[in-house]
Amino acid sequence: MKEDDAVSKVEELMETLDHVKRYRELSSSLKSFVLIAGGSILAFILIRILLVILTLLSLLGGNSAYLISFVALMIPLAGVILGILHVRRRVNSVKGGEWKQTLAQGFPGALELLSGIDWQSKLDEISDVKQISLLYGLAKLSSYSILVFFLTALIAPPAPTNFSIAIVSLLAVSLVISLGIGGKEAVKRYREAKSLDFLLHELRSFYNEFKGSEFEIKA
Amino acid sequence: MSSKEANSKSKPDLYIIARLIKVLKERGRVSRTSLATSTGLPYDRLVNYLSWMIEKKLVEIDNDELVCLTGEGSETYDRLVDWIMEYVGKLKFPRLRSG
């Protein structure tokens with residue numbers, strides 16, 4: 001039945017727009033993620049520098065230095081986890097489905113929802129957030145790489161001879177491992193960015209056609 | 001739609017027209033008060049809409065002062081569904097999973 005088809009299409013549209021609201025929240029909490037994860041990584045680097053400057057490591061001896069470095073590594077690890085949880089909490093707190101009551105009226109409700117949408121601002125919103133998922137995926141991947149790099153450097157410190165080659169190898173290993181951990185998600189985020197781009201194209205075409213049309217009631 | 005707008009100078013809200021027609025389709029002949037309750041429209045606003053719809057021959061008032069849907073009204077509703085489907089029917093939605 002056409003009426004039901006129209007209602008289910010509008011339901012799909014409203015659910016998709018609810019997702020866009022979550023991307024908008026992801027966009028604003030991405031800054032917090034960078035701040036929390038980046039800050040904790042920076043704190044770890046500062047602690048390491050401080051330890052070296054104070055030559056505390058050599059004074060403390062092998063095992064204690066290793067232990068302090070390992071404990072200090074918990075700071076960026078906690079920072080990244082905290083950042084991810086923070087983003088998840090903010091995104092999950094976005095409410096949706098306020099339109100369900102209106103849509104329960106059937107076709108007239110669907111029509112009311114369609115008439116009430118501020119299309120231009122929705123299109124602007126999608127345009128603003130379409131790359132955000134990908135950026136978040138890359139930010140997570142970068143944090144994993146840095147964490148793995150620190151951990152690997154702690155477990156197998158680069159030899160002073162051929163130091164640059166050792167560092168490059170360490171970086172490559174870190175990248176491979178972090179791709180193993182977060183690569184699948186990065187691909188998923190890339191697909192999401194493509195999907196949002198597709199959505200923007202679809203809704204823009206719809207809006208351009210819809211705003212130019214007028215339903216005529218014959219007298 | 002204000003009382004001035006009811007004098008068919010400006011466009012009425014299509015979703016209200018659709019809501020009124022839908023109730024009349026489902027329930028047949030309905031009193032104005034009952035129609036106002038069913039559609040959630042304030043009575044004076046309903047009267048304005050009904051005047052406009054009578055003018056457009058979408059509804060009529062029978063001898064018992066009950067509101068009835070005309071064939072034109074029923075056809076208009078179907079055309080309205082077709083019109084909306086012409087646009088939303090083409091829409092394809094990607095699968096999104098934010099978070």
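**The second largest pocket and its surroundings**

Tutor: The lining of the second largest pocket consists of 15 nonpolar residues, one polar residue and one charged residue. Keep in mind throughout that this is a predicted model. In total, 17 residues line this pocket, and those nearest its centre are A:R48, A:F150, A:A153, A:L154 and A:P158. The space inside amounts to about 340 Å³. Four helices of chain A each give two or more residues to the lining, namely α1, α3 (62–92), α7 (132–155) and α8. Of these, α1(A) has the largest share, with five residues.

A:D197 forms a salt bridge with A:K130 through their side chains, at 3.0 Å from N to O. Because A:D197 belongs to helix α8 of chain A while A:K130 sits in the loop between α6 (119–129) and α7 of chain A, this pair ties together parts that are 67 residues apart in sequence. Over all chains, the rule counts 18 salt bridges.

Four salt bridges are found across the interface of chain A and chain B. One side-chain pair joined by a salt bridge is A:E3 and B:K22, at 3.1 Å from N to O. The interface of chain A and chain B also has seven residue pairs in polar contact. On the side of chain A that touches chain B, the elements giving two or more residues are α1 (2–53), α5 (107–116) and α8 (163–211) of chain A. Here α8(A) gives the most, twelve residues. Sorted by class, this side of chain A has 17 nonpolar, six polar and 15 charged residues.

That leaves the extent of the interface. In all, 38 residues of chain A are in contact with 34 residues of chain B. The size of an interface is often stated as the accessible area lost when the parts come together. For chain A and chain B, the buried area is about 3800 Å², with 68% of it on carbon and sulfur atoms. A:K9, A:F215 and A:I217 provide 19% of the area that chain A buries against chain B, more than any other three residues.

Note on methods. Residues numbered from 1 in each chain as written. Chains lettered and ligands numbered in written order. Predicted model: local features only at pLDDT ≥ 70, side-chain atom pairs only at ≥ 80, totals over all residues. Heavy atoms only, no water. Contact = heavy atoms within 4.5 Å. Buried area = accessible area lost by both parts, 1.4 Å probe. Polar contact = N/O pair within 3.5 Å; in protein donor to acceptor, adjacent residues only side chain to side chain. Nonpolar A, V, L, I, M, F, W, Y, C, P; charged D, E, K, R; others polar. 1 Å grid on protein atoms, 1.4 Å probe; cavity = no way out; pocket = protein on both sides within 12 Å on 5 of 7 lines; lining within 4 Å. Points joined across faces, edges and corners; volume = space filled by probe spheres on them.
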